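Welcome! Here are some exercises, each followed by a solution in steps.

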Amino acid sequence: MSRLGRAAAISAALLLLALLSLPLLALVTEGAPAILLGALGSPLVLAAVRVSLATSLCSLLLVLLLGTPLAWILAQRRSAALGAVELLVQLPIVLPPSLAGLALLFAFGRRGLLGALFAHAGFSLAFSPAAVILAQLFVASAFYVQVATNAFRAIDERLLSVARTLGCSPARVFFSVALPLSLRALLGGAALAWARALGEFGATLLFAGNLPGVTQTLPLAIYTALESDTRTAAALGLLLLIVALLLLLLARRSAAGLLTRWSSR
Amino acid sequence: MTGLSAGLSVNVSAQIGALSLEVALQLNEGTLVLAGPNGAGKSSLLALILGLRRPARGRISWAAQPLFDAAASIDVPAEARGLGWLPQGESLFPHLTAQGNVEFAVAARHPERSRAERTDRARALLERLGASSLAARKIGELSGGERQRIALARALASEPRALLLDEPLAALDATSRPAVRDFITQTICELLLPTLIVTHDRSDAAAFSARMLVLESGRVVQEGSLAELEAAPQTEFVRRFTQGT
């Protein structure tokens, strides 16, 4: 019976692994020859790479600048209100991206809550690179904030208190104790957030549109290329897969490094 | 408490979880040992004095200068109280070397000093405490006794006017304990720093102290020399403590 059970468990595991790896393998077999034949040199691809890099780096910067203080506040205190804030921050992780796009459109679109105000001021957010950045920020910030909050919470409270008694202001405690102690974890969180921003599709499509050279990011370029040129789509797909894999490795290394570093104490 | 006497005057009350703390004490030159059972509020009392927790009522002052005064809404932040602290257990910064930890305190107290000046000051302190050989070591490589030595050097580097040591020997094994105890008594004697030491060990109390304060359930239950406490223990805890059981 136990032998049968083990065989069943192994079969189930292998089946899942096959279902996960076959599509990726197919992407490699389709994409690799396409890349070698120069499919990444097309203007569509180059424009999409440019838009993706520019927007995702902007959104990453915003995530770091706005997310780090939020994570620090969430880590330091616990209250019902802050629990609700944490839930709000995490929500985009489980929301369908198309819903996120719709919500962004309702808020910042031409007829949206704030969009009308923007229109009065003479500019429109929707269907601009700024909209791409906003969509990426919306879906990606949770990944960073969550990791950063946990990293800050893991710091021994005594280290922060002792720094205060040594003469450090709260700001100095943050920059000279909390930040260096959690830097690796923050890097990992940033890698995850960046990967999510680079892969953003649904929210961008609804809120920012699919304008080549303006709002067409790599995932949107795959979608466009698929209609006319499967080879380019496959090449783009493989490119994104490689970048995503590298970012995931970076995130995992940061997390593992954090563990081994402090367990040696 | 008038706060006119030299040294640290404390008269505070606070509600900490289920414990209601109400303590008055005076720390002048010399050493005061604070003893009491687990949960008596010893560490919480230190946190109140250090400015890491806020008392509900009362007053804390250094000589004539108020550090906290509920009635006058004075609450000097922890970084400006000038009180050195050795928390219970591990407290060195693991991302810095031994010397880096001491330099950290010099830099926090004197941000205007150059890097070279900080290094010199840290080296001088380590040498004075006989810990020069540990300077370049990572915290993970230090023994318990060596860590306490560095932690004390770091506390002194911030030039405190008084020291609060929370069970400085508790984490040490029996072999390194006497050496660290001697080292602490010698250092605070030389520096003439008013020092409050929390301990639950009779032999430590005997080594450190001329005066003792016993805290139980947030209240001071007895005060005096170890000999006086031994002669006339007023609670079961004091009786057991002075007998060393």
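**Exercise 1.** Which residues form a nonpolar patch on the surface, and what is their accessible area together?

*Solution.* Before starting, note that this is a predicted model, where local features need pLDDT of at least 70, side-chain atom pairs count only at pLDDT 80 or more, and totals for chains, interfaces and linings use all residues. Residues are numbered from 1 along each chain as its sequence is written, chains are lettered from A and ligands numbered from 1 in the order in which they are written, and side-chain values use heavy atoms, with hydrogens and water left out.

Step 1: A patch is made of residues with over 30% relative accessible area and no salt bridge, where like charges are joined within 9 Å and nonpolar side chains (Val, Leu, Ile, Met, Phe, Trp, Tyr) within 5 Å. Accessible areas come from the Shrake-Rupley method with a 1.4 Å probe, and for residues only the protein chains shown count as cover.
Step 2: The patch consists of A:Ile10, A:Leu14, A:Leu15, A:Leu16, A:Leu17, A:Leu19 and A:Leu20, with about 730 Å² together.
Step 3: To place one of them, find A:Leu16 in helix α1 (residues 2-36) of chain A. Helices (H or I, at least four residues) and strands (E, at least two) are DSSP runs, numbered from the N terminus.

**Exercise 2.** How many helices and strands are there in chain A?

*Solution.* 
Step 1: Chain A has eleven helices and zero strands.
Step 2: Its C-alpha trace spans about 70 × 65 × 35 Å along the principal axes.
Step 3: Of its 265 residues, 39% count as buried. Buried means under 20% relative accessible area, exposed over 50%, and partly exposed in between (1.4 Å probe, protein chains only).

**Exercise 3.** Is A:Ser182 buried or exposed, and which residues does A:Ser182 touch?

*Solution.* 
Step 1: Look in helix α8 (residues 170-198) of chain A, where A:Ser182 is found.
Step 2: A:Ser182 is buried because its relative accessible area is 1%.
Step 3: Leaving aside residues up to four places away in sequence, A:Ser182 touches A:Ala151, A:Phe152 and A:Ile155. Contact means heavy atoms within 4.5 Å.
Step 4: A polar atom of the A:Ser182 side chain lies 2.5 Å from the backbone oxygen of A:Ala178.

**Exercise 4.** What area is buried between chain B and chain A?

*Solution.* 
Step 1: Buried area is the accessible area (1.4 Å probe) that two parts lose on being put together, summed over both. Here the value is about 2000 Å², of which carbon and sulfur atoms give 66%.
Step 2: B:Glu79, B:Pro94 and B:His95 supply 28% of the area that chain B buries against chain A, more than any other three residues.
Step 3: Chain B brings 27 residues to the contact and chain A brings 22 residues.
Step 4: The interface holds one salt bridge, a side-chain nitrogen of Lys or Arg within 4 Å of a carboxyl oxygen of Asp or Glu. A:Arg164 and B:Glu79 meet in a salt bridge (2.4 Å, N to O).

**Exercise 5.** Where is B:Ala63, a residue with a positive phi, found in chain B?

*Solution.* 
Step 1: Most residues other than glycine have a negative phi.
Step 2: B:Ala63 has a phi of about 50° and lies in the loop between β4 (57-62) and β5 (65-69) of chain B.
Step 3: B:Ala63 is partly exposed, at 24% relative accessible area.
Step 4: Another positive phi, near 45°, belongs to B:Ser217, in the loop between β10 (211-216) and β11 (219-224) of chain B. B:Ser217 counts as exposed because its relative accessibility is 53%.

Key
Polar contact = N/O pair within 3.5 Å; in protein donor to acceptor, adjacent residues only side chain to side chain.
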